[in-house]
Amino acid sequence: VTVALLGIGLIAAGVGTALFLRNSLIDGVEAQLLTLGGSEAAAPLLEFSSVDGRLAVEEKDNTGSDYFVAVYEPTQPEDNLLALVGGRGGPSPDVPSTLTPETAVTDDGKIEPLTSGDGEVEFLSTVSIQQSEDTGILYPQLVALPLGSVNRTIAQYIGIYSILALVVLIAGAVATRFLVTLTFRSLGQV
């Protein structure tokens, strides 16, 4: 009974801690995302230029980042995705093909979930309006961060916690057996 109660307590503590840890890690990703979303996150990854008053972009060589950035042409009302860059070789988010400046202003700072094209990888994203330093053109951008690091951290925590909980349960069972045997030894002599 003692070992069963110990096991139930360890399971409850592990599940509760995992939930709080995941929420805390997601809050950190959201804070990082809002910081990136409020900056010209595409500048290190793309070369901006103006062609006939319209925004044109070209990917820089040997660039990589932990985040993804989608840049949209501000004057085209539909299918205005110019480029999706970033990431380090992993699956990219399935971003919308259209993002108007009006929508970007309305949803500025709002965090939305996205998935990869195959639906297996989760991302958090936000949109904003940025001004290209090179051209002075205001353009909508979408920044997305993968939740893979959060999921890996939670998986590692569960693995480590499970091993430690098993060790504590075995130690508790051995200690309980020893104490019961020691207590009843004097009664056996009587």
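**Figure 1. Ser132 and its contacts in the predicted model.** Ser132 touches Glu40, Phe48, Ile137 and Tyr139, leaving aside residues up to four places away in sequence. Contact means heavy atoms within 4.5 Å. Ser132 sits in the loop between E6 and E7. Helices (H or I, at least four residues) and strands (E, at least two) are DSSP runs, numbered from the N terminus. Ser132 counts as buried because its relative accessible area is 1%. Buried means under 20% relative accessible area, exposed over 50%, and partly exposed in between (1.4 Å probe, protein chains only). This is a predicted model, in which local features need pLDDT of at least 70 and side-chain atom pairs count only at pLDDT 80 or more, while totals for chains, interfaces and linings use all residues. Residues are numbered from 1 along each chain as its sequence is written, and side-chain values use heavy atoms, with hydrogens and water left out.

**Figure 2. The E6–E7 hairpin.** Strands E6 (residues 122-131) and E7 (residues 138-146) form a hairpin with six residues between them. Gly136 lies in the turn and has a positive phi of about 80°. The two strands run antiparallel and are joined by nine bridges. Strands count as paired if DSSP finds at least two bridges between them. Ser125 has Ala144 in E7 as its bridge partner. Strand E7 is mostly covered, with seven of its nine residues buried.

Figure 3. Ser50 belongs to strand E1 (residues 46-51). Ser50 touches Thr135 and Ile137, again not counting residues up to four places away in sequence. The C-alpha atoms of Ser50 and Gly136 are separated by 9.1 Å. Along the chain, these two residues are 86 residues apart. Ser50 is classed as partly exposed because its relative accessible area is 42%.

**Figure 4. Strand E3 and its two partners.** Strand E3 (residues 65-72) pairs with E7 in the antiparallel sense over four bridges. E3 also runs antiparallel to E4, and six bridges join the two. Val71 takes part in both pairings: its bridge partner in E7 is Gln141, and in E4 Val71 stands opposite Ala83. Phe68 has Ala144 as its bridge partner in E7. Ala144 is also the partner of Ser125. E3 is mostly covered, as seven of its eight residues are buried. In a regular strand the side chains alternate between the two faces of the sheet.

**Figure 5. The Arg54–Glu73 salt bridge.** The side chains of Arg54 and Glu73 meet in a salt bridge at 3.9 Å, N to O. The pair links distant parts of the chain, 19 residues apart: Arg54 is in strand E2 (residues 54-59), and Glu73 is in the loop between E3 and strand E4 (81-87). A salt bridge is a side-chain nitrogen of Lys or Arg within 4 Å of a carboxyl oxygen of Asp or Glu. Arg54 is partly exposed, at 38% relative accessible area. Glu73 counts as buried, with 2% relative accessibility. A search of the whole structure finds four salt bridges.

**Figure 6. Two further salt bridges.** Asp66 and Arg88 meet through their side chains at 2.9 Å, N to O. This pair also links distant parts of the chain, 22 residues apart: Asp66 is in strand E3, and Arg88 is in the loop between E4 and helix H2 (101-106). Both Asp66 and Arg88 are exposed. Glu112 and Lys110 form a salt bridge at 3.6 Å, N to O. Glu112 is partly exposed, with a relative accessible area of 35%. Lys110 is partly exposed too, at 44%.

Figure 7. Helix H1 (residues 2-37) has 36 residues and reaches 52 Å from its first C-alpha to its last. That is close to the 52 Å expected at 1.5 Å a residue. The expected span is 1.5 Å times one less than the number of residues. Buried residues in H1 include Gly7, Leu10, Gly14, Ala18 and Ile26. Val29, Leu33, Leu36 and Gly37 are also buried in H1. Leu5, found in H1, counts as exposed because its relative accessibility is 59%. Val1, Leu5 and Ile8 form a nonpolar patch on the surface, with about 380 Å² of accessible area together. Patches are made of residues with over 30% relative accessible area and no salt bridge; like charges are joined within 9 Å, nonpolar side chains (Val, Leu, Ile, Met, Phe, Trp, Tyr) within 5 Å. Accessible areas come from the Shrake-Rupley method with a 1.4 Å probe, and for residues only the protein chains shown count as cover.
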